Amino acid sequence: MAKLLFVLLALIPLLCSSFSPDSPSDRRILVLLDDFALKSSHSIFLNSLQSRGFDLDFKLADDPKIALQRYGQYLYDGLILFCPTIERFGGSIDAAAVLDFVDSGHDLIVAADSNASDLIREIATECGVDFDEDLSAMVVDHSGYAVSSTEGDHTLIASDDLIKSDVILGSKKIEAPVLFQGIGHSLNPSNSLVLKVLSASPTAYSANPKSKLTSPPSLTGSSISLVSVVQARNNARVLISGSLSLFSNRFFRSGVQKAGSPTKHDKSGNEQFLTELSKWVFHERGHLKAVNVQHHKAGEADEPSIYRINDDLEYSVEIYEWSGTTWEPYVANDVQVQFYMMSPYVLKTLSTDGKGRYFTSFKVPDVYGVFQFKVEYERLGYTSLSLSKQIPVRPFRHNEYERFIPTAYPYYGASFSMMAGFLIFSAVHLYNK
């Protein structure tokens, strides 16, 4: 009993510092390595994470003591796999455990390489990414390679085909090309959640650089993705790279000149690219939350339990974006609300005051039943919002209808004129011989 209590007390700091709605950035990250030498050869990237407040726990991928959870609670908020050659994880971790980790809303970075194991390929496939089936293949580009002192086999690529998204890669433009050397992959067409972040040029192809081509390569041109990301429906984020060297100090510090370009950069774009991309992966950017959902009749402040058909109502919600340290007002012009019963009867674009509050007003449709206020917001790079609030709508009661309807005045006049005519006709008929 005393031992169990000691373990629970040891877990309290981990649980208190983990992902929470008030601080959505991942805090504690497990880094699985093929070799501890990667800590020094990839130190710039890893130190950038630590400088931003992340607690990195380094383990060998085959360590028999590693575990992602204990007593039903996850010990980490994020996972980095810098172990492309691992055939089998140590401890209680396997491919299913990694995928369950993502299904539970946690984030993942996978770095493969030309010698990627079946285990790493399986995890990537389950995330919607298919590496080249040829185990000896690498991405080759005879036009977009990085110029070096040795001619080489043109597998060292300088790519500048980046996704155009400020929320994923930051607002500052990445001027220098990104160095890449590794394997390419394609996106599963049935998976709409995976995006290419860094693509190969139209002249690239995937093949064994040490042998002549005997058949057309399976991956060619811009369809080859070098780095991809996935944002799952539970807002977990995954980064998949075909190159472990992409994260290395050597590529971070190396100067770069793309073949055919007169411009030589003193430093590659790798550091800026991966720093900004890791901010997105670990929810330092692009994470939204919605609070203070309110609705009420126009001119009133209290939320009713039921509306009546044709009531005028007002709806509002506050949306904020996590900046990495604080919640900032989110400003957009494409947030919509639906008044929904089986299908939307009302669809309105919400106005904003620029301080995070979104609002609109509309008239309840002339249909009674059980409705929902629904906000389904999905935008590239941002976490999705799904808000729903149910409210019944009733018809008019018998004593709430208008007594005299203006459009019925002709019928009223016809009725009274008929009665008057009948009286006159009766008087004439009875008293006139």
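A residue counts as buried under 20% relative accessible area, as exposed over 50%, and as partly exposed in between. Tyrosine 345 has a relative accessible area of 39%, so this residue is partly exposed. The model is a predicted one.

The ring centres of tyrosine 345 and phenylalanine 371 are 5.4 Å apart, and the planes stand at 70 degrees. Planes over 60 degrees apart count as edge-to-face, so the pair of tyrosine 345 and phenylalanine 371 is edge-to-face. Tyrosine 345 belongs to strand S22, residues 343–349. Phenylalanine 371 belongs to strand S25, residues 369–377. The pair therefore ties together parts that are 26 residues apart in sequence.

One aromatic cluster is formed by Tyr307, Tyr315, Phe339, Tyr345, Phe362, Phe371 and Phe373. The count of aromatic pairs comes to 16.

Another of these pairs involves phenylalanine 45 and phenylalanine 247. Their ring centres lie 5.1 Å apart with planes at 70 degrees, so this pair is edge-to-face too. Here distant parts of the chain are linked, 202 residues apart. Phenylalanine 45 is in helix H3. Phenylalanine 247 is in the loop between strand S16 (237–241) and helix H7 (249–253). How accessible are the two residues? Phenylalanine 45 counts as buried because its relative accessibility is 1%. Phenylalanine 247 counts as buried because its relative accessibility is 0%.

Now follow helix H3 itself. Two packed helices are described by the angle between their axes and the distance between the axes. Helix H3 (residues 43–51) packs with helix H8 (residues 270–281) at an angle of about 35 degrees. The axes of H3 and H8 are 11 Å apart. The crossing of H3 past H8 is right-handed. Which residues make the contact? H3 supplies Ile44, Phe45, Ser48 and Leu49. H8 supplies Glu271, Leu274, Thr275 and Ser278. By class, the contact has 4 nonpolar, 3 polar and 1 charged residues.

The charged end of arginine 27 sits over the ring of phenylalanine 54, at 4.8 Å from the ring centre. The charged end of lysine 374 sits over the ring of tyrosine 340, at 4.2 Å from the ring centre.

Definitions and conventions: Residues are numbered from 1 along each chain as its sequence is written. This is a predicted model: local features need pLDDT of at least 70, side-chain atom pairs count only at pLDDT 80 or more; totals for chains, interfaces and linings use all residues. Side-chain values use heavy atoms; hydrogens and water are left out. Axes are lines fitted to C-alpha atoms, for helices over the stretch in contact, and angles run from 0 to 180 degrees between N-to-C directions. Helices (H or I, at least four residues) and strands (E, at least two) are DSSP runs, numbered from the N terminus. A crossing is left-handed if the near helix is turned anticlockwise from the far one by less than a right angle, and right-handed if clockwise. Contact means heavy atoms within 4.5 Å. Ala, Val, Leu, Ile, Met, Phe, Trp, Tyr, Cys and Pro count as nonpolar, Asp, Glu, Lys and Arg as charged, and the others, Gly among them, as polar. Rings of Phe, Tyr and Trp (its six-membered ring) pair if their centres lie within 6.5 Å; planes under 30 degrees apart count as stacked, over 60 as edge-to-face and the rest as tilted. Buried means under 20% relative accessible area, exposed over 50%, partly exposed in between (1.4 Å probe, protein chains only). A charge sits over a ring if NZ of Lys or CZ of Arg is within 6 Å of the ring centre and within 35 degrees of the ring normal.
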